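Here is a short briefing to read alongside the model. Take a moment to look at the sequence and the fold before going on.

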Amino acid sequence: MATISIYSWFQSVYNYLLSLFWSTELDVTLLGLQNAGKTSLLKVFIGEEFSPDSIPTVGFAMKRVKHGHVTLKCWDLGGQPRFRSMWERYCRGVNCVVFVLDSADASTFETAKTELNALLSKEALVGIPLLVLGNKNDLPASIGTEEIINILQLEQYKDRDISVLSISVKEGKGLPGVLSWLISRKNSNK
Amino acid sequence: MSALTYKKNDDIESGSLDKMTVFQDCMSGFNASPIMPKKCRLLLSKLAHLLSSGETFPADEATALFFSVTKLFQHKDPSLRQMVYVVIKELAPIANDVIMVTSSIMKDVQGSNELIYKPNAIRALCRIIDGSIVQGIERLMKTAIVDKNPSISSAALVSSYQLLPIAKDTVRRWANETQECVVAQKSFPPGALLGNYHIGVSTLSQYHALGLLYQIRAHDRMALMKMVQQLSGPSTSLKSSNAIIMLIRFISRIISDDQNLRAPLYVLLENWLRHKSDMVNLEAAKIILNIKGISEEEATPAVNVLQQFLSSPRTVYRFAAIRAFSKFAMVQPVLISHCNIEIENLLSDTNRSIATYAITTLLQTGNETSVDRLLTQINGFMNDISDDFKIIIIEAVRSLALKFPTKHVAMLKFLADCLRDEGGIKVKTTIVESIFDMIKYVPDSKDEALGHLCEFIEDCEFTDITVRVLHMLGVEGPATSEPTMYIRYIYNRVVLENAVIRASAVSALAKFALTDDKEVRDSVVVLLRRCLEDVTDEVRDRAAVYLKVIGLDKQVAESYINPGKDYSLPVLEQELAQYVSGDREQFSTPFDMSTIPQITEEQAKANDFKIKSKANHEPEAAKADIAKEQMERALKEELTQQTYASTLASIAQFTDYGKILNSSKIVQLSESETEFVVSAVKHLFKDHLVIQYDINNTLKDTILEDVSVISIPDNEDIVEEFIIPIDTLSVESAGTVYVSFVRPTGEYPVTGFENNLKFTLKEIDPSSGEPEEDGFEDEYQIESLSLSASDYMIPTYAGSFVHQWDELRFDETFSIRIDAADLQEACTYLIETLNMMPLESSDVPVSTSQNTLKLFGKTVDGVKTVVQIRMIYSASNGVAIKIHTRAQEEAASALVIETFTN
């Protein structure tokens, strides 16, 4: 027992020293229509329980996610129509933008396409990597990544850094992939 | 805050901050990464300083600032967060989309860092949300209200207060939590903020809770009463002095709304006079003295408490006490006259405000003999006090002048001295108005007062005041012994002043031309001719018009230059507004000026005096309200008079009766819930009396036909002429019966009328809805009506009672005992019965045992009548009065006496 605790103590000291020299902060903006699962995704990232009913975000909430020596500053923006005009303000100068889509609700696809394309056409976002997440892939009606690319008409942005992942926040599927994708963008332009 | 930060703040204070620099610094500082909390906090304070010193940003810049401030939520530093909240509250009204921070703030409200985050977050939250979200934060607010930490609870309570305008119904649902908070005693958690706050039981949240609870319950008087009773009982847990003071103020509001609750609530107030907190004692005493119509027994304990405060070593207590006294002195000076010694000591108080109030109080409580001494004392420090206090003193002297007309010499001298001293336009206006009042109501002072005014305008920098004085000189000057002197002063203005003053000086000059003295008239004409050369149109035009008019017949000239009466301005305003708001068609007929009632100068004076002396007796600064109320009442009366006149004029039988001389108030002749509700109005014409009976048929199944009123006078001088009946009075409708009588010209018979309603009654057949063929005749007795002095008399103002008294003959005296609880009640009764004007403030008895009431009035035919009533009160015998009357004609004095004998 004692050896283990000494070991873990060394480990933490090592991590601390490491964090002094290599600690990095990443600014990440989470967007998407209401009820896509943005706030839930963050909750699971910081280690809270998933709960199916959460209160809609009014405005934005800011959360920090620590992963190793990387800290993600996540700006979780409200998805209701009244807040969409303000997304752009929180996308300026961030390291990456995450767009969450409810891949099981076909009725939202059209609006999602319009909103995302409108956002991508803004000058402030040029050069910022985009990660599109198709959430709720545990549901039978959910669609795959290929279809998401089609529906959101993402093939027109050949020269931008855009990835699409299919995940399920509820079951925890695909989340490590999301984290590693985000962390790998720490060296992208800032 | 550390000493360092204070120093930086000082720099901000002294240096000038450039708005754009601050804006740029903020934008780059807040968006930087990583955040530097100290630097950002300083930037935020600069921003807050700019905003609080009146700078504003356009909406787009404010919004940009706001959103960059929201970026600071990523840093957890408590002192930075505190400042973020301050700035968010400042920016909330000018920036767009502030709703954006709702979730972030709510996170703080729910979070764990209680003392800095929570209260500040709650306060900011309520500034940024709109009505639609209030329901969403309901649970949050309820929890915060009952939080055991007083600062969180207070923040939630005060914020709920702010939410009332946007979400009244939601906030009302928090009543239970608020109630709980009123009675709770909360303490700061031990050791939470050592050294900075005093630690122990804090009761301030009770104060906040009580304020909110009142807002929630204000519409429901029963709930309010329950609240008051609960909180004021002997076992109350209301500990905060502030909260008790607020409760006392609520009680005062309840009392003024509903006099019936006065007795039980007074007991509560009196108990608070003995509360251990001085603040509470003062407030309770102040409120007690403010209650309308307070009796001597009720006031005494409060007066005693305040008396003790008068000699308190603490300035603020002395000030509060003397201020309460000075207000009360306007209402019932007698009750505090025994404190005069203490009050006189305050005259030499180093605090000038206290001394000022002491003077105004003494001016009210003192008697005639002390006036001179007081005036000299005031003169001593008039120069040391601010304009506002000068006005207070001048107002006091003014009301004193109306009260003791014999002391006018000293008071006029005092006012003239003030006029000569430095002072702003408000002070000068007040002084000039006071002198005007003396000219109007204290005739003996006229010559001297006019002299002072002349001297004043020789060197007056305020155009408005000069114009008013010139007008006054024009009105009063011609009637004086030496009009030429005033002409000289007025003409000086024509030579020396600006156009506005020159024009009004011309108008004033023209009034002097109406005199009979040819020499004066000629010289005025010469002066006016010179004005024709003036550079300004207005001045030339006025001079030309007046020259033309003066050349006409004297009476015609007078009707133009000095008509002696004026249109009733409120009525005129209303009619004109109605006319202008009409459609195009309405403009095809010109505006009918003849419908506007005219007011003679005497009537206007009587009204004015009434308002002025009434206003002086009212506590509180509600004087303006009272004046307005009086105006409205006067206006309403005028309008009813007008409707009477036009209705009666439209009836053929009355057309040759001439003008209505007087219409009485409406007299109810039956209970309001009987089958037929009858009321009557008496109209007096030159040779006739017309009684108008308004009859309301309240039955649902019966109609009345041939409705008339059989009215039998018990005086033979009044002879019935004819009745105008109502043909049919259908169900639930109203109609009017007129009964006309001949009255002897120039006499004032006093009489009663026996009244009987006579009609044919027909029931309505419920099946057909038609009235039945046959009805039956019926009579219905209604109450009798009397015709007495109050119908014949019109209250009129006279400057000097003695003067009128000496002038009139036809002496009559009469003694009687009347049923009244005290002298005040007797005065009110006598004034109402005789419908005459009380002079020289004789309607407010100074002593409780005896008083002399002096009344003046004219009969409907214009016969002057004076009445002097001596009254003596004793507890065993009630009020005994001796009436002594004189009039221009015998009939009028007989009328006064007969009113009491019948």
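A residue is called buried when its relative accessible area is under 20%, exposed when it is over 50%, and partly exposed in between (1.4 Å probe, protein chains only). By that rule, 46% of the 190 residues in chain A are buried. This is a predicted model, in which local features need pLDDT of at least 70, side-chain atom pairs count only at pLDDT 80 or more, and totals for chains, interfaces and linings use all residues. Residues are numbered from 1 along each chain as its sequence is written, chains are lettered from A and ligands numbered from 1 in the order in which they are written, and side-chain values use heavy atoms, leaving out hydrogens and water.

**Chain A as a whole**

- Chain A has seven helices and six strands, where helices (H or I, at least four residues) and strands (E, at least two) are DSSP runs numbered from the N terminus.
- Along the sequence, these elements follow the pattern α-β-α-β-β-α-α-β-α-β-α-β-α.
- Along its principal axes, the C-alpha trace of chain A spans about 60 × 35 × 30 Å.
- Of the contacts (heavy atoms within 4.5 Å) in chain A with a separation of 6 or more, 73% join residues 24 or more positions apart.

**Salt bridges**

- Over all chains there are 39 salt bridges, each being a side-chain nitrogen of Lys or Arg within 4 Å of a carboxyl oxygen of Asp or Glu.
- In chain A, Asp27(A) and Lys73(A) form one of these (3.6 Å, N to O). Asp27(A) lies in strand β1 (residues 24–31) and Lys73(A) in strand β3 (residues 70–77), so the pair ties together parts that are 46 residues apart in sequence. Both residues are buried.
- In chain B, Arg318(B) meets Asp349(B) at 2.8 Å, N to O. This pair links helix α19 (residues 315–331) with the loop between α20 (340–346) and α21 (352–365), 31 residues apart. Arg318(B) and Asp349(B) are both buried.
- Arg420(B) pairs with Asp417(B) at 3.3 Å, and both lie in helix α24 (residues 408–420), three residues apart. Arg420(B) is exposed at 53% relative accessibility, whereas Asp417(B) is buried at 18%.
- A network of salt bridges links Glu395(B), Arg398(B), Glu433(B), Asp437(B) and Arg468(B).
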